[in-house]
Amino acid sequence: MPASTSSSPAPLRRFLRAGRASDRVTSSSGAAGTDAGSGTAAARVVVVGSGFAGLRLLRRLESLLPASAAELTVVSPVDHLLYTSLIPQVCASSVEPRHLAVATRGALRRTVLRLGHAVAVDTRARTVTVHGSDGTVDELGWDRLVLAPGSVTRTFDIPGVREHAIGLKNLAEAVHLRDHVLRQFERADAATDEGRRRALCTFVIVGGGYTGTELAAQMTRFSRRAVANYPRVRAEDVRWVLVDHAPSLLHELAPALGRRAADVLADRGVELRLRTSVSEVTERTVRLGRAETPDQQETIATHTVIWCAGVSPSPLVARLGLPTTHGRLVVDDCFRVPEVEGLFALGDAAAVPDVTRSGAPAGQTAQHAVRQAVAAARNVAASLGYGAARPYRHRDLGFVVDLGGRDAVANPLGLTLHGLPAAVVTRAYHAYALNNGSNRVRVLTDWALDLVIPHQIVQLGFADGRPPTIDATEQTGIYLVTAPGQAGVEAGLGDPQAQPGRAVGGVGGR
Ligand SMILES: Cc1cc2nc3c(=O)[nH]c(=O)nc-3n(C[C@H](O)[C@H](O)[C@H](O)COP(=O)(O)OP(=O)(O)OC[C@H]3O[C@@H](n4cnc5c(N)ncnc54)[C@H](O)[C@@H]3O)c2cc1C
């Protein structure tokens, strides 16, 4: 596959493609030979998912495996890797949505892209069923299958969440949310009733992990700038509420960072409701309760509940009939699915043992996904006779949380940072981790422009009509299609709204 058809001058082209070049390595062994073709036929390597894990793995495989040794195919509903870490900044208009999408076709040279969802795997016949984006359903044969389909928003069994809450897993949800917030200000500007205006201007975020915390921090800045454009909406009408059942924010980081982030949010007027759970969401309200005082429920009038309360592995995992732990596919430390030769899995969907945590499943983070991808590529190549297999080893490099402006919290390599130093580290880290020169330049430019020119407070038309549900934007119903040619709901699966692999439990944050 051609890499890039840019007409930029050669030095610029080299810079823009820098991330890709750094991924190339020379294979350590030239041994051909696959169980597919006894050393002559190219092995069919199919990768499911083009996210952090899938795309990085393929880039490595293209370098490790000669073209004669493997035919590489990626199955994905989208033609890009989404750099999720900056999604809150898309909602807040600081970064353009397209700039977070790293093009699959630009990043890979010879991998064939099949646009669609893998919806079932036959481990005996060694096929994967693909529900194509054009509505076709067909099967691909494989000699090695690597599953990296990521995760979906975890919606729990709380009444109303799946119908009325807005998720934050993809660009469609992010762009919709930005439009939706502006639409609420538009309506509030026209509202004559004080209570209705307050409800329209009240935004409730559920989940105080890094996504919910960043979103609250970024959106308070955005909404403060936005309301200035609506003469009848007062700044004090706007209310952001952040809910989490944990006693502190950012519970995955050092407590000091959670406290610091809470201070920043409090300074920006965010109402924190910690040790608090959501018991119901409706079109116009959210009901909250605390474990200590179950009789005292609080009902907040709002038209906007944003659900950042964690993720569940892709529903594909539950369709495989293979062992799982917390819904994630069980694999060994070389990413192999036990008992199924040639099947590998990694990223959010797999329970990859983390040796630094006594073999507990690695966290569902991009940091793990990209490092697993490099290790998994080595192991897949080794299984085809190129190089030697090696178990996954990873040392936590820390976390960065961008709170907008000069505020951030971070703990790189064990150092605890906040304020401007953390903001510098955070942005430098994202620029580096984007790992694609073209996207990097675009995001850096967005940040620079954000410093010097006012935001464009415009709706793009995505908030017309009823907001899409989380299931609709994340396409979780697609897994109900299974056999080739069978475009309907598989018999016996019950409620088409049911989300396979959905976990039930308390509301956490991601
Ligand atoms: C808003 C947000 C912010 C985040 N911020 C951070 C952060 O700051 N730092 C951090 O480390 N992590 C962060 N994460 C977590 C991080 O995004 C995930 O851990 C990471 O994306 C996991 O990588 P993955 O490759 O397993 O999944 P993904 O990157 O999600 O990729 C999965 C891919 O598979 C595709 N796919 C899904 N189903 C199928 C199917 N059936 N068939 C084929 N393809 C399929 C998807 O479209 C996607 O392209 C954040 C996540 C979110 C949602």
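Two residues are in contact if their C-beta atoms, placed from the backbone, lie within 7 Å. In this predicted model, among contacts between residues at least 6 apart in sequence, 70% join residues at least 24 apart.

Next, select residues 52–64, which form helix H3, together with residues 366–383, which form helix H12. The axes of H3 and H12 come within 8 Å and cross at roughly 35°, and the crossing is right-handed. To see where they meet, show the side chains of H3 residues including Phe52, Leu57, Leu61 and Leu64, and those of H12 residues including Ala366, Val370, Ala373 and Val380. By class, this contact has 14 nonpolar, 1 polar and 3 charged residues.

Now turn to the backbone angles. Most residues other than glycine have a negative phi. Select Arg275, in the loop between strand S12 (271–273) and strand S13 (276–281), where phi has a positive value near 50°. Is Arg275 buried or exposed, or partly exposed? Arg275 counts as partly exposed because it has 14 C-beta neighbours inside 10 Å, and a residue needs 20 or more to be buried.

Finally, select Phe335, in the loop between strand S19 (328–330) and strand S20 (343–345). Phi of Phe335 is also positive, near 75°, but Phe335 counts as buried because it has 31 C-beta neighbours inside 10 Å.

Key
Residues numbered from 1 in each chain as written. Predicted model: local features only at pLDDT ≥ 70, side-chain atom pairs only at ≥ 80, totals over all residues. Axes fitted to C-alpha atoms, helices over the stretch in contact; angles between N-to-C directions. Helix = DSSP H or I, 4+ residues; strand = E, 2+ residues; numbered from the N terminus. Left-handed = near helix turned anticlockwise from the far one by under 90°. Nonpolar A, V, L, I, M, F, W, Y, C, P; charged D, E, K, R; others polar. Buried ≥ 20, exposed ≤ 12 C-beta atoms within 10 Å, placed from the backbone.
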